[in-house]
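Me: Hi! I'd like to go through this structure with you, a bit at a time. Could you start with any term I'll need?

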Amino acid sequence: MPRLNPGNLHRARDLIALYPEPRSALIPILHLLQEQDGYLTDDGMTHAAELLDLASAEVRGTASFYDMFHFEPVGKYLVAVCTNIACMLQGAYRLLEHAEERLGVAPGGTTSDGLFTLEDAECLALCGNAPCVTVNWRFFGDVDLQGFDDLVDDLKAGRLDQEVPPHGTVSRVDRSVGLAATGAATGAVAHAGAARSQSHPDLATHRSTTATASMNAAHLDDHT
Amino acid sequence: MTITDAPRIVTRRLGKPASWTLAAYLADGGYQGLRAALAMTPDQIHDQVNTANILGRGGAGFEAGRKWGMLAPSKPVYLTINGDESEPATFKDHALIEGDPHQLIEGSLICAYAIGASQIFVYVRGEFPLAIERLQSALNEAYEYGAVGHEIFGSGFSIDIVVHPGAGAYICGEETALLESLEGKRGYPRIKPPFFPAAIGLYGAPTIVNNVETVSNLPWVVLNGGTDFAALGEGRSTGTKLLALAGHVKRPGNYELEWAKATFRDLIFDPGLGGGIRDGNELKVIIPGGVSSPWLGPEKLDISLSNESIAAAGSMAGSGSVIPMDHTTCVVRAAWRIVRFFHRESCGQCTPCREGGGWLEKILERVERGQGRESDLDLLMDVCDNISPGVAWPPAQTTICVLGPSMPPSVAAGIQMFRDEYLTHVREGRCPFPPDRLPLRLARV
């Protein structure tokens, strides 16, 4: 069962090297595991424990504190509908209800085709574009009922694969150098990073979030 | 119009094409602040920051320079940047990291140089992957450019920055919980006083934890001087403040305004800012500084947006999140949702918070569903009093951190300001604000 594959093992070792105490790399390594497997497996967590000289229970005990970590498989797309105050004021519960009907699952549930897991999320910090939704933590703002249906259709058709990486992917950009302050380790992570982007050309393509930034800026422009 | 033409200190590049890239940053004078800082002594920078009187922008409003001055005299010293923005309806740091990561990097480096830090950790909320990607990408560029790492810009100053993702826990925005999390543990806040992070922080070493917006001000402060910064605003509230306006306004968004020179009325109603309440509705109540803050009624619209005046009105500027709610808003439902959030995010260490949050949530839910009793109003206040004795502001604390005491304000404000509305729920056996009702089934907390 899934332990870190060789490429991710390199990445994990590079992460450990960044911190004065190895255990600090635990959460970043758990993200690597979740990126690799879509959720945290027992074997994966045991592997993390071995790397950091921790008990498996310490790893699981830490991981279970954090909402982003899943211990069972989730759908290809984790759809989180924010229902916190700013979104609630803009009808988020109506949107959540619609999402439940459209996907046929309650929050926490996964569709039978394995495509979607629905979550009732806390504030996602896109409150200028309430109500908002994230898919695998990529932002979509100002989502009305029709917008939600369109989003689901786009996801199903694979039209957003560029913008929405697989669940568990936190950053598609890896660090390009190790610790360099001592003048020693520049380029230390090149072996692991080689297969991955270090300055992702597509960073500009996230449609909703970029639109948000512009909208806020337009506001800022207006008031002077 | 009372909005001043103060410079935009932290947001001027937001929304510009590829504002997150080194090329765009350099074209706008990027890293000149760091170059100037490296030509100064650390003490000179500290003096400028003291003169500027930058209040921490994370919520507590403690002077950054004073915080730096509390560092215990031992090595190593760590700098941790708090980018775990999770206070509901606060979305300013999110915008700053995504839109201008180089400014954050430059500000962090200036801070690290001033306090003699040996390493910088930027803790970014895990749910902000685009921000993390852009920050990591910017950091890679900055290393290549020579702004980070060994002998920065040929000076004798060397330091590394590590971008560290969180994994979904509101409490990790509390600085000692953040340090626990950064050490690879559950995000349990540490008991303090007596030992604040400046004395015993990351790995037990002296540590400064500064907010993203706080350090994003530093390049400007170094280039323009603390006096120019302090000339903006009034009293303790100097400089500009990035306000995250959400809720029932026509134009929600982030607005950087000179502190103490505009009022809530300006922010909410100015056509260039909030643009007024949606659909011509009436303003009912304002949450002035994040959902931990006591609410203010429309009669407080003309108080100025500054740390002191909002405090004098019995609330706080907090995280800079302002949420106006219109007359269609049910205050029971609003309080329920806020309390539900805190209950969900309670780390569980302290009984008043862990249990009290659940009590409040359940009682508010039954009132909202029309199944409450009149005695529930007293019961709610009693539970609030157990979490924060006296239910006053600033709140008394029975818990390790202030998450617990963040629950009573929205409950108490609702009961005190809108008692009749609570009673209507009870007497009519239903919420008077249909059809926007609570779902029958709620996700488990």
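Reply: Happy to! Domain bounds here come from an automatic or database domain assignment. One caution: this is a predicted model, where local features need pLDDT of at least 70, side-chain atom pairs count only at pLDDT 80 or more, and totals for chains, interfaces and linings use all residues. Residues are numbered from 1 along each chain as its sequence is written, chains are lettered from A and ligands numbered from 1 in the order in which they are written, and side-chain values use heavy atoms, leaving out hydrogens and water.

Me: Okay, what domains is chain B divided into?

Reply: Chain B has domain 1 (2-229), domain 2 (239-326) and domain 3 (331-443).

Me: How far apart do the centres of domain 2 and domain 3 of chain B lie?

Reply: Their C-alpha centres are 23 Å apart. The contact (heavy atoms within 4.5 Å) takes 14 residues from domain 2 of chain B and 15 residues from domain 3 of chain B.

Me: Which side chains meet in a salt bridge there?

Reply: Glu421(B) and Lys284(B), at 2.6 Å, N to O. A salt bridge is a side-chain nitrogen of Lys or Arg within 4 Å of a carboxyl oxygen of Asp or Glu. The count between domain 2 and domain 3 of chain B is one salt bridge.

Me: New topic: how many residues of chain B are in contact with chain A?

Reply: 92 residues of chain B are in contact with 76 residues of chain A. The area buried between the two chains is about 6,600 Å², with carbon and sulfur atoms giving 58%. Buried area is the accessible area (1.4 Å probe) that two parts lose on being put together, summed over both.

Me: Which three residues of chain B supply more of that area than any other three?

Reply: Glu133(B), Ala167(B) and Arg337(B), which supply 10% of the area that chain B buries against chain A. Glu133(B) also forms a salt bridge with Arg172(A), at 2.7 Å, N to O.
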